[in-house]
Amino acid sequence: MQVIPEKIKKNKLFLLLFILSWKIIFGQNINKDSIIEWNQNRKLTWSDFLDKPDDNIIADALTSYKIEVVPSNVIVDQYDRIQNYNELSVKANFYKYHSWYIENTKELLEHEQLHFDIAELYARKMRMEFMKMKNKNESRFESYLNCYKRLWKECRKLQQEYDFETNNGRIREENLKWINKITIELSKFDNYK
């Protein structure tokens, strides 16, 4: 078992997020077959992880996910108002060609699945917040963007806590506690599936 000082872990995670964002935004064209939208009846399998391991990242596996606002091609007028703001929603996606593994154990797959589940938890929280704004006839782009940024930051923080407390899934008992915790949290937002 490798022990990595906290400061190095945080820097490594920041770099990893930057690389993933860069790859997703500027990398290969992403087609629908390379994305899995979160679904409670569809769990990840190792065959979903199609990228080759990155030698620059110290990890046994990597789950690439994104919380996306849809439709992505919203039109904003000169007053910062979103046209058709009532159509805005959010989804959590897994990216097959940006996800990889070295070890393919059942425990590690459960750990990676929970990263995706945490993304769905925050997608549901965003849907709830978006619904509240829509009910108030809020159409300002900045309002939705600020909500997204705030909840994305919370999601990233929880993802980091999860990795830290479970030692990236290596502490089985802690991982099981997190699975239970996130399952309960998801159920609290069942109205926002």
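Throughout these legends, a contact means heavy atoms within 4.5 Å. This is a predicted model, in which local features need pLDDT of at least 70, side-chain atom pairs count only at pLDDT 80 or more, and totals for chains, interfaces and linings use all residues. Residues are numbered from 1 along each chain as its sequence is written, and side-chain values use heavy atoms, with hydrogens and water left out.

**View 1. Ser 34 and its contacts.** Ser 34 belongs to the loop that runs between helix H1 (6-26) and strand E1 (35-37). Here helices (H or I, at least four residues) and strands (E, at least two) are DSSP runs, numbered from the N terminus. Setting aside neighbours within four places in sequence, Ser 34 is in contact with Phe 94, Tyr 95, Lys 96 and Tyr 97. Ser 34 is buried, at a relative accessible area of 6%. For every view, buried means under 20% relative accessible area, exposed over 50%, and partly exposed in between (1.4 Å probe, protein chains only).

**View 2. The whole chain.** Starting at the N terminus, its elements run α-β-β-β-β-β-β-β-α-α-α. Of its 193 residues, 41% count as buried. Take the contacts between residues at least 6 apart in sequence: 80% of them join residues at least 24 apart. The accessible surface comes to about 11,700 Å², with 52% of it belonging to carbon and sulfur atoms. Such areas come from the Shrake-Rupley method with a 1.4 Å probe; for residues, only the protein chains shown count as cover.

**View 3. Aromatic rings around Trp 46 and Phe 49.** The whole structure holds 9 aromatic pairs. Rings of Phe, Tyr and Trp (its six-membered ring) pair if their centres lie within 6.5 Å; planes under 30 degrees apart count as stacked, over 60 as edge-to-face and the rest as tilted. Trp 46 and Phe 49 make a tilted pair, 5.0 Å centre to centre with 50° between the planes. Both of these residues are buried. Ring pairs also link Trp 46 and Phe 49 with Phe 94, Tyr 101 and Phe 116 in a cluster.

View 4. Another tilted aromatic pair joins Tyr 162 and Trp 178, with centres 5.2 Å apart and 45° between the planes. Tyr 162 lies in helix H3 (residues 141-166) and Trp 178 in helix H4 (residues 172-188), so the pair ties together parts that are 16 residues apart in sequence. Tyr 162 is buried, at 0% relative accessible area, and Trp 178 is buried too, at 2%. Look also for Lys 181, whose charged end sits over the ring of Trp 178, 4.0 Å from its centre. A charge sits over a ring if NZ of Lys or CZ of Arg is within 6 Å of the ring centre and within 35 degrees of the ring normal.

**View 5. Helix H2 and the residue that follows.** Helix H2 (residues 106-135) has 30 residues and reaches 43 Å from its first C-alpha to its last, close to the 44 Å expected at 1.5 Å a residue. The expected span is 1.5 Å times one less than the number of residues in the helix. H2 is mostly covered, as 23 of its 30 residues are buried. After H2 comes Asn 137, with a positive phi near 60°, although this residue is not a glycine. Asn 137 sits in the loop between H2 and H3 and is exposed, at 57% relative accessibility.

**View 6. Helix H3 and its cysteines.** The 26 residues of H3 should span 38 Å at 1.5 Å a residue, and the end C-alpha atoms are 37 Å apart, which agrees. Among the buried residues of H3 are Tyr 144, Cys 147, Leu 151, Cys 155 and Leu 158. Cys 147 has a relative accessible area of 4%, and Cys 155 one of 0%. Counting a disulfide as a pair of cysteine sulfur atoms within 2.5 Å, the total is 0 disulfides. Just after H3, Asn 167 takes a positive phi of about 50°. Asn 168, in the loop between H3 and H4, has a positive phi of about 55° and is partly exposed, at 25%.

**View 7. A cis peptide bond.** Val 70 and Pro 71 are joined by a cis peptide bond, with omega about -5°. Pro 71 is found in the loop between strand E3 (65-70) and strand E4 (75-76).
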